Amino acid sequence: SLSEGKGSYCKRPAKCEPLNYTTCLGVKLPYTWTSLDLVDGLVSQEQGQEQLKEWRRLVHIPKCWAVIQPFLCALYMPKCDDHGVYLPSQEMCKIIMGPCRILVSYEPWPAVFRCDNQTRYPPMCKNDVRELKFNTTGRCLEPLVQTDLSAWYYDGVDGCGVQCHDPMFTDHQRQQIHKLVAWGASICALFNLFTIVTFMIDWKFSSKYPALVIFYINFCFFIVCVGWLAQFLPGGREDIVCRKDGTLRTAEPSAGENLSCVVVYVMVYYFLMAGIAWFVILTYAWHISLQALGKIQECMEKKGAYFHLVAWSLPLVLTITTMALGEIDGDAVTGICFVGSANKEYRAGFLLLPVAAALTVGTYFLSKGLVTLIRLQVDSKEIISERASNKIKETILRMGIFSVLILVLGATTFICHIYQFKNADLWTKSFKIYVLCKLGIGEAGSSGECKMGSRPSVAMLQLHVLSLFSVGVLMSSWVWTHTTFNTWTTLIARLLKKEVNPGNEKQTKPKKHKLIAQAYSKRKKFNSDGHISISFHSSHKDPVGLNIELNSGATGSVRSSWAAALPKLLTRRGALVAATNSNSSLRRNSVDSQISYSVRRVSVESRRHSVDSAVSVKVSEVTQTLVKKVSKPRHKSHRSSRVRRHCRSKSSKR
């Protein structure tokens, strides 16, 4: 009988009495006699029924309710015959310790439930109550919902997970945030799309660095906005941030769920990081272009491949890493999936750290660019025109305002995150107390009315969302120029088949051979005055309007390096004949003859129809030295020579 769990130690002497109730927790009992001796202080079956009703609150902890019902019936309404009561087994007692651990944590565990007492709970005993079929269906109380996945159980409430819609915010507050996201993302997307189309209208001449970086930044922010707006598709928000069982998505990607959360995450996080990377590249491109003023500027397009490598690969590494770590979490309030919504360490490492690095590097290059422009403005007052001076002032003002706004918006993001990190534990504790109150467990359960003691600030969340979309709009502001207005006016006029304003008509790019011919025709002026000025018109304007030097194809102009080489091209035609002294003439036929001459000034000016985008470049004091070494001729009519030329040019915007 011991092997069957019916040994004498499984039963102890007790006073038996007839059952007044034939059911226990809704299940019919297979016996008619019971005892009150197993529960200390129990004096009547009616009192036992009252205590059983109190335990019914555990129905809201489904996994606990499923295992504790047989144990409660074996205690309060045990089987009794032959002046002996059947004891609950130790296994029946221990099995409730895991699923019902929340009771141990927040309530004094009754002495009757101490499973280590083998006299009260003998091991390996069979109990008829354990064989009964109880209703194991639990009912999770709001804000919890029932789930079968143990990974999503709320702490201590096995069988229930936190509902998808964040209970820390009221329905009204959630609606406020959703409306803000809808308006903010839509406006930001429209501005970014406007910038993208502006570049594409005249892509051939606009797709040059550094202006091209503005295009990529706006493209990235446009995709980010589309990711935010995906939640407003029919059923979109629930599909993105909620699981099939109604719990909030965390630790994505996960098996058994669709990829909508991951897709939105990639659209928002990857392209946000790419946009930030392009921002750093933009500040660097401005820095090197401004540093190159007055010099033969290196072609920035050569760096384009490196720009793309950095801007697209680094965000990709971060995105893949977060997905591999499973740190993608849904947020029903904002309606997107993002990194570290449930883990502030990962949010700090994968978002705040890259943003801080980008702001630091970007601010460094922006400050150096501003210093360069300010020095140019101060040191070049006597040699640049009023138009060029105004252009530099305008550029300083635009870059200064941009820098300040970027820093303000970046600081706002950090302040919002610091506020969130600082109060996260407080909100977690407040939510825990609220859940315990709803379950009727511990001191919180006896307090009566259940309410949140502390909630996140809606205003701080709104400020956080607005700061993101404001950055996208700010990046679009670079094309808010008169040049862009003329570009769209021309496009609309052509679409409507109306006559285009001649002032806005796009002219062809200046032909270099015509410029050489123009300079050649002025050779007499050079010989008499010592300098020549070449002017041409072009309506191909940079939509950003920050190119100081004639080094961008977007302006339709010639490069400064070509302008500096103009004397060499004219010399080949024999247009510029330098005065030489007698010594150089006498040494012309010697082995190491050297002819030196200087071109005092060659000025190349680009006059445009728009004052806003006017560019004037003067290549000053171009000194050219020609060294000709003549070797002994093999034939009288032929000789070999080696020519060495040095060209130094300085240019500034006028």
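The following exercises, with worked solutions, concern a predicted model.

Local features require pLDDT of at least 70 and side-chain atom pairs count only at pLDDT 80 or more, while totals for chains, interfaces and linings use all residues. Residues are numbered from 1 along each chain as its sequence is written, and side-chain values use heavy atoms, with hydrogens and water left out.

**Exercise 1. State how many helices and strands the protein has, and what share of its residues is buried.**

Solution. Helices (H or I, at least four residues) and strands (E, at least two) are DSSP runs, numbered from the N terminus. The protein has 20 helices and 16 strands. Buried means under 20% relative accessible area, exposed over 50%, and partly exposed in between (1.4 Å probe, protein chains only). Of the 654 residues, 51% are buried.

**Exercise 2. Determine whether Ser467 is buried or exposed, and list what it touches.**

Solution. Ser467 belongs to helix α14 (residues 458–476). Its relative accessibility is 3%, so Ser467 counts as buried. A contact means heavy atoms within 4.5 Å. Leaving aside residues up to four places away in sequence, Ser467 touches Leu409, Thr412 and Thr413. A polar atom of the Ser467 side chain also lies 2.6 Å from the backbone oxygen of His464.

**Exercise 3. Characterise the setting of Ala348.**

Solution. Ala348 is located in helix α11 (residues 344–379). Ala348 counts as partly exposed because its relative accessibility is 26%. Not counting residues up to four places away in sequence, Ala348 touches Leu353 and Phe421. Its C-alpha atom is 9.8 Å from that of Phe414, a residue 66 positions away along the chain.

**Exercise 4. Identify the nonpolar surface patch that includes Val310.**

Solution. Val310 is in helix α10 (residues 304–325). With a relative accessible area of 38%, Val310 is therefore partly exposed. Leu309, Val310 and Leu314 form the patch, with about 280 Å² of accessible area together.

**Exercise 5. Locate stretches where pLDDT stays under 50.**

Solution. pLDDT is the predictor's confidence in each residue, from 0 to 100. The protein averages 76, and 70% of the residues score at least 70. pLDDT stays under 50 over residues 502–508, for which the model has 16 contacts beyond four places in sequence. Residues 535–539 also stay under 50, with 22 such contacts. Where pLDDT is low, the predicted coordinates should not be read in detail.

Key:
A polar contact is a pair of N or O atoms within 3.5 Å; within protein, one must be able to donate a hydrogen and the other to accept it, and residues adjacent in sequence count only if both atoms are side-chain atoms. Patches are made of residues with over 30% relative accessible area and no salt bridge: like charges are joined within 9 Å, nonpolar side chains (Val, Leu, Ile, Met, Phe, Trp, Tyr) within 5 Å. Accessible areas come from the Shrake-Rupley method with a 1.4 Å probe; for residues, only the protein chains shown count as cover. A salt bridge is a side-chain nitrogen of Lys or Arg within 4 Å of a carboxyl oxygen of Asp or Glu.
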